[in-house]
Amino acid sequence: MSLDEAARLIGEAIGRPGQHVQVTPGQAQEAFLSMGLGADLTRLYLEVFRGYETGLLAPEAPRTEASTTPTEFATFAKQVLVPALG
């Protein structure tokens, strides 16, 4: 599933349009700091993002039938995200 599709499904679940927006590390840093996140924690989040982007952080094992639930993302959004945001 793409991030665009996930954003669309979340938007449908919460009843508001959802859109995935790609931001630069600098934009993410500005956003975190403007929301009151400390400089050290902001730096650590950006380090994690870089790890995913470069492949340094990756799943240890592939997804299999044994490690993956049958729950569809739309169902997860309705049952978990909507109550958490409510």
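Which side chains meet in a salt bridge at 2.5 Å, N to O?

**View 1. The salt bridge between Glu-5 and Arg-8.** The side chains of Glu-5 and Arg-8 form this contact, at 2.5 Å from N to O, a salt bridge being a side-chain nitrogen of Lys or Arg within 4 Å of a carboxyl oxygen of Asp or Glu. The model is predicted, with local features needing pLDDT of at least 70, side-chain atom pairs counting only at pLDDT 80 or more, and totals for chains, interfaces and linings using all residues. Residues are numbered from 1 along each chain as its sequence is written, and side-chain values use heavy atoms, leaving out hydrogens and water. Glu-5 and Arg-8 are three residues apart in helix α1 (residues 3-14), and are therefore separated by about one helical turn; helices are DSSP runs (H or I, at least four residues) numbered from the N terminus.

**View 2. Arg-8 and its contact with Glu-12.** Arg-8 also forms a salt bridge with Glu-12, where the closest N and O atoms are 2.2 Å apart, and these two residues lie four apart in helix α1, about one turn of the helix. Arg-8 is partly exposed at 36% relative accessibility, that is, between the limits for buried (under 20% relative accessible area) and exposed (over 50%), with a 1.4 Å probe and protein chains only.

**View 3. The salt bridge between Glu-47 and Arg-43.** In this pair the closest N and O atoms of Glu-47 and Arg-43 are 3.7 Å apart, and the two residues are separated by about one helical turn, because they stand four residues apart in helix α3. Glu-47 is partly exposed, at 44% relative accessibility.
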